[in-house]
Protein chains: 2
Amino acid sequence: MSHTLGVRQAQKLRTRQALLDAALALLEEQSLSSLGLREVTRAVGVAPTAFYRHFRSIADLGVALVEEALGSLHPMIRTTVSPAADSEERIARAVDLIAGHVHEHAAHVRFIARERHGGVQPVREAIREQLARFARELKEELAKDEQAAGWSEEDLLMLAHLYVDQMLITASLFLEALDGAASAREQVIRLARRQLRLISIGRRHWLD
Amino acid sequence: MSHTLGVRQAQKLRTRQALLDAALALLEEQSLSSLGLREVTRAVGVAPTAFYRHFRSIADLGVALVEEALGSLHPMIRTTVSPAADSEERIARAVDLIAGHVHEHAAHVRFIARERHGGVQPVREAIREQLARFARELKEELAKDEQAAGWSEEDLLMLAHLYVDQMLITASLFLEALDGAASAREQVIRLARRQLRLISIGRRHWLD
DNA sequence: AATTCCAGAGAACAGTTGTTAACTGCATGG
DNA sequence: CCATGCAGTTAACAACTGTTCTCTGGAATT
C-alpha cells in the first residue's frame with residue numbers, strides 16, 4: 001500500500017513543481033546560465049530564500065528539468081522504432097510522432113535543444129548521459145530487427161546515435177516552425193522523411 | 001589602390017577586435033544571454049561606455065561573432081567535399097579536417113554550437129542563415145558529382161543539410177573530447193567515419 | 001496536549017548590472 | 001595651424017543579483 005503524502009510534504013512538492021514550471025516558462029527566451037534565482041521565485045510568488053529549500057542552485061534546478069524533459073521523451077523513443085507494415089509507413093509515423101511531441105511539449109524540447117550545448121556544465125552532462133542511455137536502449141530495439149543480422153555492436157550503436165541526433169534535429173526544426181505557417185511545418189515533414197529514408201537505405205545496404 | 005587606414009581608425013578596429021576576442025573567451029563557460037557588457041569591457045581594460053562605440057548591444061556583438069566564426073568555417077566546407085580517390089579516403093579526409101578545425105578554432109566552434117539554439121534570437125537567426133547558405137553552396141558542389149545524376153534539386157538540398165548537421169554534430173563531439181584522453185578522440189573519429197559511410201551508402205542507392 | 005520540525009517570510013548585505021550625461025585628448029581634414 | 005570629429009573616460013543613477021541570518025506559523029511526532 002502506498003502511503004499518501006502528508007499535507008506538508010504535498011505542499012512542498014507543489015511549490016517545487018511551481019518553481020520548475022516557472023523556470024521552464026522563463027527559459028523560452030533566455031538560457032539557463034542567465035536565469036536568476038530571484039526571477040524564478042518572483043514568477044512563482046514566493047520569497048527568494050524559499051528557493052534553497054528545493055534546489056542548491058539554478059544549475060541544480062536545471063538538472064531536475066533534464067530529468068523531467070527527457071522522462072516525457074522516453075516512451076516516444078520506443079514507439080518511434082515500433083514495427084509497422086513497410087519502412088515508408090514507419091518513417092511517416094516516426095516523423096508525425098516527433099511533430100506531435102514537439103507540439104505538446106514545446107518548452108521541454110526547447111530546453112533540451114538549448115542546454116545540450118549550453119553554458120552550464122552539470123546540465124550538459126545530464127543531457128549527454130540521458131541521450132546516451134536513449135541510444136543504448138534504441139540499439140537494443142534495433143538489434144531485434146531482422147535487418148540487424150550480421151551487424152556488430154559498435155555499428156548498431158553508431159546507427160542508434162545517428163537516429164537520436166536526427167530526432168533532435170527534426171524536433172528543433174519543428175520548434176522553429178511552430179508558430180509559423182502550416183506550410184513551413186509541411187516542409188519540415190518532407191525534409192525529415194527524406195533524411196530518414198536515406199538513412200534507412202544506407203542501413204539496408206550496410207553489409208553489402 | 002587600397003587606402004591604408006588612419007591611425008585613428010586602426011586603433012578603433014583594434015579595440016573592436018579586443019572586445020570580440022574577450023567576449024569569445026568569456027563565452028567558453030557561459031552563454032551569450034548571460035554575458036554582461038561590463039564583463040567584456042573589464043576583460044579588455046576599457047571603460048564600459050566604450051562598448052557603445054562599437055556595438056549597440058551584446059546581441060549585436062553576438063551577430064558579429066557569428067560572421068567571424070562561420071567565416072573561418074567557410075573554406076572548410078569546400079575542401080570537405082573535394083574529390084579524392086575512393087569514397088573511403090574522402091571520408092577519412094573530411095573527418096580529419098573537422099578534427100583539425102575544431103582543434104584550431106575551438107572557441108568559435110563552441111560558440112556556434114552553443115548559440116545555434118541559444119537564448120538570443122538575432123544570433124540564432126544569423127547562424128541559421130549562414131548554415132542555410134552553406135547547405136546551398138554544398139548542394140551546388142554535390143550537383144557536380146557524377147553520383148548526382150538523376151537527383152532532384154530538393155533531394156540534393158536534403159543531402160546537403162544532412163551533411164552540414166552531421167558536420168556540426170561531429171565537431172561538437174570533438175569539442176567535448178578536446179582536453180580528454182586521445183582515445184576519446186579516436187572514438188569520435190571511428191563513429192564519425194561510420195556515420196558518414198552509412199550516409200554515403202544511402203546516397204549511392206538513393207535512386208534504386 | 002505538548003514538543004519538535006521545517007517550508008517559507010522578512011530584512012539586510014555587498015556587489016553587480018545597463019544606460020545617461022558631460023568631459024577630454026588627440027588624429028584628422030580644411 | 002587651427003577647428004572639427006570622435007574614441008574612450010569619468011561619475012552617477014536606479015535597479016537588480018545571490019546569500020546570510022533570524023523569525024514564524026502550523027503540520028508532524030510523541
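**Exercise 1.** Describe the surface near DNA strand D by residue class and by the elements that supply it.

*Solution.* Step 1: by class, this surface has 6 nonpolar, 7 polar and 5 charged residues. Here Ala, Val, Leu, Ile, Met, Phe, Trp, Tyr, Cys and Pro count as nonpolar, Asp, Glu, Lys and Arg as charged, and the others, Gly among them, as polar. The model is predicted: local features need pLDDT of at least 70 and side-chain atom pairs count only at pLDDT 80 or more, while totals for chains, interfaces and linings use all residues. Residues are numbered from 1 along each chain as its sequence is written, and chains are lettered from A and ligands numbered from 1 in the order in which they are written.

Step 1: DNA strand D is surrounded by 18 residues, and the closest are A:Gly6, A:Arg8, A:Gly36, B:Thr15 and B:Ala47. A residue is near a strand or molecule if its C-beta atom, placed from the backbone, lies within 6 Å of it.

Step 2: at least two residues each come from helix 1 and helix 2 (37-44) of chain A and from helix 1 of chain B. Helices (H or I, at least four residues) and strands (E, at least two) are DSSP runs, numbered from the N terminus.

**Exercise 2.** Describe the surroundings of DNA strand C.

*Solution.* Step 1: 18 residues surround DNA strand C, with A:Thr15, A:Ala47, B:Gly6, B:Gly36 and B:Arg38 the closest. Step 2: two or more residues are given by each of helix 1 (7-26) of chain A, helix 1 (7-26) of chain B and helix 2 (37-44) of chain B. Step 3: the classes are 6 nonpolar, 7 polar and 5 charged.

**Exercise 3.** Locate the "DNA-binding region" of chain A and describe its span.

*Solution.* Step 1: an unreviewed UniProt entry places this feature at residues 36-55 of chain A. UniProt positions are given in the numbering used here, feature names are shortened, and annotations may be inferred rather than shown by experiment. Step 2: the span is 40% helix and 0% strand, and its end C-alpha atoms lie 13 Å apart. Step 3: chain A as a whole has 8 helices and 0 strands.

**Exercise 4.** Work out how chains A and B are related and how they meet.

*Solution.* Copies are superposed by least squares on the C-alpha atoms of residues with pLDDT of at least 70 in both.

Step 1: the contact takes 28 residues from chain A and 27 residues from chain B. Two residues are in contact if their C-beta atoms, placed from the backbone, lie within 7 Å. On the side of chain A, two or more residues come from each of helix 5 (106-115), helix 7 (153-176) and helix 8 (182-204). That side divides into 10 nonpolar, 12 polar and 6 charged residues.

Step 2: 96% of the interface residues of chain A are also interface residues in chain B, so the copies meet through the same surface.
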